[in-house]
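I opened this entry to learn my way around a new structure.

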Amino acid sequence: FALRVKGLSMNRVAEEGEIIIIDPEDKDLIDKKLYVIINGGGEACFKQFRATEGPARFEPLSTEGTHKTVILGKEPLDIVGRVVSRVEKM
């Protein structure tokens, strides 16, 4: 399925308004791959999974330093699926 990106937490990968394609059956966490997750507050976010150089976490890839990293196991979260592509406007 597809989602439209809202916000700037992943603007190094996908600009606000671009569309990303998610595979909801691919939830195996792989270092440096991109995922959509839902946090304990029910908010969906798009982040990069990192398993090296620190605790397992989901990190923003933003030009702004204000977006938070989500540490795996520190708060409840659901993995929606892996981001497999993005659609660019032409």
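How much space lies in the largest pocket? I noted first that the model is predicted. I then found about 410 Å³ of space in the largest pocket.

Next I looked up the lining. There are 19 lining residues, and Lys 6, Ser 9, Ala 44, Cys 45 and Phe 46 are the closest to the centre of the pocket. Strand 1 (2–4), strand 3 (34–39) and strand 4 (44–50) each give two or more residues. Strand 4 gives the most, with 4 residues. By class, I noted 10 nonpolar, 4 polar and 5 charged residues in this lining.

Then I turned to the nonpolar cores. Which residues make up the largest one? I listed 9 residues: Val 5, Met 10, Ala 14, Ile 20, Ile 22, Leu 34, Val 36, Phe 46 and Val 83. A second core is separate and has 7 residues, including Tyr 35, Ile 37, Cys 45 and Phe 58.

Setting aside residues up to four places away in sequence, Val 5 touches Ala 14, Glu 15, Glu 16, Gly 17, Glu 18, Ile 20 and Phe 46.

My last entry is on Glu 59, in strand 5 (residues 57–59). What does the side chain of Glu 59 make a polar contact with? I found the side chain of Arg 57, at 2.6 Å. Beyond neighbours within four places in sequence, Glu 59 is in contact with Met 10, Lys 47, Gln 48, Arg 50 and Thr 69.

Definitions and conventions. Residues numbered from 1 in each chain as written. Predicted model: local features only at pLDDT ≥ 70, side-chain atom pairs only at ≥ 80, totals over all residues. Heavy atoms only, no water. 1 Å grid on protein atoms, 1.4 Å probe; cavity = no way out; pocket = protein on both sides within 12 Å on 5 of 7 lines; lining within 4 Å. Points joined across faces, edges and corners; volume = space filled by probe spheres on them. Nonpolar A, V, L, I, M, F, W, Y, C, P; charged D, E, K, R; others polar. Polar contact = N/O pair within 3.5 Å; in protein donor to acceptor, adjacent residues only side chain to side chain. Contact = heavy atoms within 4.5 Å. Core = buried A, V, L, I, M, F, W, Y, C linked by side-chain atoms within 4.5 Å. Buried < 20%, exposed > 50% of the residue type's maximum accessible area, 1.4 Å probe, protein only.
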